[in-house]
Amino acid sequence: MGGECRGVAKPMFVSALNRYFVFLLVYSNVASGENVSFKIYNADEDVVYDAAQTKSFVAFNSEGTIENPYIWSFPAL
């Protein structure tokens, strides 16, 4: 957010579901309203991609669980 990285996670492939999952905790000391953007770094190509989706930060809120994940897609994966 604002050029500041607030979390890093590595995609993990879950073979039983044939999908990648990213487990990431995002923190802010602002009460609410910041817009969180996501980027994907491809180390093989040394390229950073911007994900199309953004998420509005809400204080004291959790989005997604293992049973019910917050889903966004990134076709380049």
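This is a predicted model: local features need pLDDT of at least 70, side-chain atom pairs count only at pLDDT 80 or more; totals for chains, interfaces and linings use all residues.

Let's start on the inside. In soluble globular proteins, nonpolar side chains tend to be buried together. Here, the largest nonpolar core has six residues: Val36, Phe38, Ile40, Ala51, Phe57 and Phe74. Strands β3 and β4 each supply at least two residues of this core, and β3 gives the most, with three. Pick out phenylalanine 38 and look around it. Beyond its neighbours within four places in sequence, phenylalanine 38 is in contact with Leu24, Tyr49, Asp50, Ala51, Gln53, Lys55 and Trp72.

Now move to the outside. Met12, Phe23 and Ile66 form a nonpolar patch on the surface, and together they have about 340 Å² of accessible area. Methionine 12 lies in strand β1, which covers residues 12-14.

Finally, have a look at the loops. Most residues other than glycine have a negative phi. Asparagine 18 is not a glycine, yet it has a positive phi of about 55 degrees. You will find asparagine 18 in the loop between β1 and β2. Aspartate 46, also not a glycine, has a positive phi of about 55 degrees, and it sits in the loop between β3 (32-42) and β4 (47-58). Are these residues buried or exposed? Asparagine 18 counts as exposed because its relative accessibility is 58%, and aspartate 46 is exposed with a relative accessible area of 58%.

Key: Residues are numbered from 1 along each chain as its sequence is written. Side-chain values use heavy atoms; hydrogens and water are left out. Patches are made of residues with over 30% relative accessible area and no salt bridge: like charges are joined within 9 Å, nonpolar side chains (Val, Leu, Ile, Met, Phe, Trp, Tyr) within 5 Å. Accessible areas come from the Shrake-Rupley method with a 1.4 Å probe; for residues, only the protein chains shown count as cover. A salt bridge is a side-chain nitrogen of Lys or Arg within 4 Å of a carboxyl oxygen of Asp or Glu. Helices (H or I, at least four residues) and strands (E, at least two) are DSSP runs, numbered from the N terminus. Buried means under 20% relative accessible area, exposed over 50%, partly exposed in between (1.4 Å probe, protein chains only). A nonpolar core is a set of buried Ala, Val, Leu, Ile, Met, Phe, Trp, Tyr and Cys residues joined through side-chain atoms within 4.5 Å. Contact means heavy atoms within 4.5 Å.
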